[in-house]
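The sequence and structure are shown first.

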Amino acid sequence: MSKNSVLIVDDDVKIAALLKAYFEKDGFITYIAHDGYQALDKIREQKPDIVVLDLMLPGIDGWEVCRRARKIGDIPILMLTARDEEADRLIGLEMGADDYVTKPFSAREVVARVRAILRRSHKIAAQPEPIKVGNLLIDAERHVIIKDDEILDMTPTEFKILQLLATNKGRVFSRLQLIEQVQGYASEGYERTIDVHIKNIRRKIENNPKEPKYIITVYGVGYKFAGDDNV
């Protein structure tokens, strides 16, 4: 079985070296970049399975790296941020990051989060049958979302959320339930991240995201996927 590979992007040499040691101990092939331009070059050249991306970088910052990386491919991204500012995290998620860790962090936690992201981004056996609703096709076997015959660009986390909701049409999921089901852990501090992912998904699948037909907000509770009669 081939090893997973990770690109660590951090201008702090000590942090990058620490993470490299922990990832290699866990069996990863590791690459390091110390600025945004190096990061984008290594994404193109090495095609890592996942990127661990610090937001505060010289050259171009992590937000811009995330935005440009999304144009290169659907590689999963875990953000590292020294700021405990919710706005920073939400901006990163809106640009396509899958998850985030706030500094100071445990290197073991970062490795565990990366493992969780990779588990949900990889194909698994016994996938459910494709789901067809309105002009959407959710094909878990091929891991694609198709709208009007066009394949949509979805991050692994966005795909998992949409698949979970669509597989359970009409069932209302709270934000904490979605986090637990999709991320593999439940934390009240991460509830707002679900709102950002839902916003991103709606922008891609809805004809009018401000008047969604597929993912419906149940105020005070959470979200549900509409039945066929609603679309």
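## Sheet and helix packing

Apart from its neighbours within four places in sequence, Ser5 is in contact (heavy atoms within 4.5 Å) with Phe28, Ile29, Tyr31, Lys47, Pro48, Asp49 and Ile50. The model is predicted: local features need pLDDT of at least 70, side-chain atom pairs count only at pLDDT 80 or more, and totals for chains, interfaces and linings use all residues. Residues are numbered from 1 along each chain as its sequence is written, and side-chain values use heavy atoms, with hydrogens and water left out.

Ser5 counts as buried because its relative accessibility is 7%; buried means under 20% relative accessible area (1.4 Å probe, protein chains only). Ser5 belongs to strand S1; strands (E, at least two residues) and helices (H or I, at least four) are DSSP runs, numbered from the N terminus.

The 5 strands of an open sheet run in the order S2-S1-S3-S4-S5 with parallel pairing, where a pair needs at least two DSSP bridges. S2 and S5 are at the edges with a single partner strand each, so one side of each has no neighbour in the sheet. S1 and S2 pair over 5 bridges, and Ile8 has Ile32 in S2 as its bridge partner. Helix H2 packs on the sheet and touches S1, S2 and S3.

| Element | Residues |
|---|---|
| Strand S1 | 5–9 |
| Strand S2 | 29–33 |
| Strand S5 | 99–102 |
| Helix H2 | 36–46 |
| Helix H6 | 156–167 |

Helix H6 is largely enclosed by the rest of the structure, because 10 of its 12 residues are buried. Among them are Phe159, Ile161 and Leu162.

Technical notes: Buried means under 20% relative accessible area, exposed over 50%, partly exposed in between (1.4 Å probe, protein chains only). Axes are lines fitted to C-alpha atoms, for helices over the stretch in contact, and angles run from 0 to 180 degrees between N-to-C directions. The expected span of a helix is 1.5 Å times one less than its number of residues.
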